[in-house]
2 protein chains.
Amino acid sequence: MTVRWTIVKPFERARRPVSAREQRQVASDAGLSKQRVVVEAVRLADREGVDGLSMRRLAGALGAGAMSLYHYVASKEELLDAMIDIVFEEIELPPEGTDWQSAMRRRAVSARRVLACHPWAIGLMESRTSPGPANLRHREAVTACLRRAGFTVLMATHANWLLDSYVYGFALQEASLPFDTAYEFADMAEDVFLPQLPPDEFPYLNESAAALVAAGYDPAEEFIFGLDLVLAALEPLRASA
Amino acid sequence: MTVRWTIVKPFERARRPVSAREQRQVASDAGLSKQRVVVEAVRLADREGVDGLSMRRLAGALGAGAMSLYHYVASKEELLDAMIDIVFEEIELPPEGTDWQSAMRRRAVSARRVLACHPWAIGLMESRTSPGPANLRHREAVTACLRRAGFTVLMATHANWLLDSYVYGFALQEASLPFDTAYEFADMAEDVFLPQLPPDEFPYLNESAAALVAAGYDPAEEFIFGLDLVLAALEPLRASA
DNA sequence: TACTATGAGCGTACACTGTACCATGACCGT
DNA sequence: ACGGTCATGGTACAGTGTACGCTCATAGTA
């Protein structure tokens, strides 16, 4: 067990009493800390899936004993909560200084990208009920953007629900698809889907799969299409102040 | 171990050779069968959450030994797949003989209701990649409805993605909310949310929570609002044959 | 009726999980 | 020098999915 200890900078200690635990939180590359534990947990889940994430393996990846993690995380549940909040931290906030549609489009695109990078996050959301700080900050920024664009409180709520539903639902569907690019889609459709879709039982699905392959359908463009449709549909709800 | 054996109806045996295993599949209230195993698994997950569903507990609920389940299900993964497909079976297909918007509204409302009854299903979808038979039948019916309404293959695909994203995403968000009714929302907002949303840090969220409570906001109506907005936005994509 | 093949049911065992409890030993302030 | 604090992790326990192989009721055959 190679445990390296943080050297506390003197002036920090001079300013106010700092517990050893707090010092750890600041330390970035030495010793353990809640940061380091959660970040490594995210990395592990990205690599091996959420089922491959066990306290023992996580501890192993950190060069520590399993029980040590419980000094930074009360339980695995809390660890999962913290992991989700890290994911929310990665999502871009809607930028200020542009029209609301551009701002929301940007943050939606960012959210989709982040959720695609951490597919396990979607599946975890269902079971955790209380939003973390990054989640709250994100919601605040989004609501601010909508309200400043002239949406009433009620309409901003509607817009929020609709946009988030679309983004999460899209990410959820995307996570359960075995292809990403147009090339992979064409490949899988011809070799896997079409044989499973006999035209007498699934005439329409068969037709769709065949036609989409022929047209060179690219699933990567799907997200923007629906997003812009939703944004356009929301525009009239705005009390154009 | 009270194992009751199926009495095979003679005329069934006369018609063609039927293995004992197949007879079990048909039997509804005696012995085990894949049906019975999966249905009981769904019930158990509804009652105790998906984390409370273990092979041993499921076996216990069926009055059987743990290893007996593996005669009907190759692995727990396959069990989970089958459970999801049962959920899809519960969702109403879009009815024929009405305009496409009414049909899609009906099936979307049904889907939301079913997913709200089985919240664990949403969290499971992320990890399973191959759709079951009920899922395929459902997709076929939806695509048929859209194509008959005059959507091209490509536009029907867009509509499908958008509608499903909305439904799944809404269900996902709903599953992670601790309230259902307007009364519960008002209660929780005042006692739990507002204290966590200091106006200097979260001015807009604070304002929203307060205003929504004052207006008697009912989260149950939220779904239809967004759904109708989406349906209206899709209408112009239709090549009104 | 006796014999055999089949296959449902499940007891046992193994590697693994989350985590409660407790011992260790380094660091700090006095 | 000493006592208190606290990060660390070893051990243990209940519970997990499931591989293996046994029992024994049944169906089919002779």
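Ala, Val, Leu, Ile, Met, Phe, Trp, Tyr, Cys and Pro are counted here as nonpolar, Asp, Glu, Lys and Arg as charged, and the others, Gly among them, as polar. On that basis, the surface near DNA strand D comprises 9 nonpolar, 5 polar and 5 charged residues. The model is predicted, so local features need pLDDT of at least 70 and side-chain atom pairs count only at pLDDT 80 or more, while totals for chains, interfaces and linings use all residues. Residues are numbered from 1 along each chain as its sequence is written, chains are lettered from A in the order in which they are written, and side-chain values use heavy atoms, with hydrogens and water left out.

A residue is near the strand if one of its heavy atoms lies within 4 Å of it. Of the 19 residues around DNA strand D, those that come nearest are A:S68, A:H71, A:Y72, B:R56 and B:K76. Phosphate oxygens of DNA strand D lie 2.7 Å from a polar side-chain atom of B:K76, 2.7 Å from a side-chain N or O atom of B:Y70 and 3.4 Å from one of A:H71.

Turning to helix packing, α8 (residues 133-148) and α9 (residues 153-175) of chain B pack at an angle of about 125 degrees, with their axes 10 Å apart; axes are lines fitted to C-alpha atoms over the stretch in contact, and angles run from 0 to 180 degrees between N-to-C directions. Helices are DSSP runs (H or I, at least four residues), numbered from the N terminus.

Note on methods
Helices (H or I, at least four residues) and strands (E, at least two) are DSSP runs, numbered from the N terminus. A polar contact is a pair of N or O atoms within 3.5 Å; within protein, one must be able to donate a hydrogen and the other to accept it, and residues adjacent in sequence count only if both atoms are side-chain atoms.
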